[in-house]
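Subject: Structure for your review

Dear colleague,

Please find the structure below, together with its sequence. The notes that follow set out what was found in it.

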Amino acid sequence: MYDIIIVGAGPAGLTAALYARRAEKHVLILEKDTFGGQITFSPKIENYPGFAEISGNALADLLVDQTLAQGAEIELGTVQAVSLESDGTKTVTTAEGDTYRTRAVILANGARHRMLGLPGEAALVGKGISFCAVCDGAFYKGKEVAVVGGGNTALQEAVLLSDGCRKVTVIQNLDHFTGEEKLLKILQERENVELIPGTIVSGLEAENGELAAIRCRPYAGGEEFTKKLDGLFVAIGLAPDNQAFADIAKLDEGGYFAAGEDCRTATPGVFIAGDCRAKRIRQITTAAADGSVAALAACTYLDEETVS
């Protein structure tokens, strides 16, 4: 029987484990894919406190090592369900057929960036394809990039990139941009920005393992054309993988856990942390903050449960 099982070994889950272990709780982290989560896709991070510059993989390794040193257990496993038992405990079941019992659960399973679904795309993530201008935009200073998407996120990314890039092209599959008019106006007034609506990215071209160009074609049909680029920022939204837990934690209309800043759910002993939670800002720092809040809330819940 564990005190706390944490679903997800990204910054939120690892931070939660650190805080829980410092409170001397018996902790297990279950991760389905990569220890460190989305940060492992970032070749360089320059906005995490304490590090002027560090790769995502290096930061992930440090977080994992620190968590293990504190005594947390980490296992690979895809959590399929969390069941509530009559005595208040929870049973966590994985796709691999393992089951674990715990007194509390922290769901820190993150959210994945929506991708274009093009051949070779996954191999170019971190090698010319990025998802966050705040994280990676500085690496393209003086270079030419494109942003795919037409909503507020894409337009905000383009505004930020246009401050330092030689040229920014914004490509939207619809015949109009759906973001705020104010953002669109800023981009329209910048000489180094080109807006291309009604167009889709139809292919990727690489040289020496790095993105070199994209192929595009009009959405309504037409001749394909090639555009040479140094970087491509994909801003077509996030996709949370929360549906498996909808019976124990309420979801909002976007599929995110509808938990507030206290990271609590209406289900006793179930807490939320990180990008899977409904919120506006999703950065490494906010994920870590959620992890600490969720862990402390879980520890309080366990302590109160013991007293009662």
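Predicted model: local features only at pLDDT ≥ 70, side-chain atom pairs only at ≥ 80, totals over all residues.

Residues are numbered from 1 along each chain as its sequence is written, and side-chain values use heavy atoms, with hydrogens and water left out.

Helix α2 itself covers residues 56-69 and has 14 residues. Helices (H or I, at least four residues) and strands (E, at least two) are DSSP runs, numbered from the N terminus. From its first C-alpha to its last, α2 reaches 20 Å, close to the 20 Å expected at 1.5 Å a residue; the expected span is 1.5 Å times one less than the number of residues. Its buried residues are Gly56, Leu59, Ala60, Leu63, Val64 and Thr67. Seen down the axis of α2, these fall within an arc of 135°, so they line one face of the helix; the arc is that of the directions from the helix axis to the C-beta atoms. Buried means under 20% relative accessible area, exposed over 50%, and partly exposed in between (1.4 Å probe, protein chains only).

I turn next to the charged pairs. The structure holds 16 salt bridges, each being a side-chain nitrogen of Lys or Arg within 4 Å of a carboxyl oxygen of Asp or Glu. In one of them, Asp303 and Lys25 meet at 2.6 Å, N to O. This pair links distant parts of the chain, 278 residues apart: Asp303 is in helix α7 (residues 284-307), and Lys25 is in the loop between α1 (11-22) and β2 (27-31). Asp303 is partly exposed, at 39% relative accessibility, whereas Lys25 is buried, at 10%.

A salt bridge also joins Lys32 and Asp241, with the closest N and O atoms 3.5 Å apart. Here the partners are 209 residues apart, Lys32 in the loop between β2 and α2 and Asp241 in the loop between β16 (238-240) and β17 (270-272). Asp241 is partly exposed, with a relative accessible area of 32%.

Finally, Glu144 and Arg166 form a salt bridge whose closest N and O atoms are 3.6 Å apart. Glu144 is buried, at 15% relative accessibility. Both residues belong to a network of salt bridges that links Glu144, Arg166, Lys167, Glu194 and Lys227.

Yours sincerely
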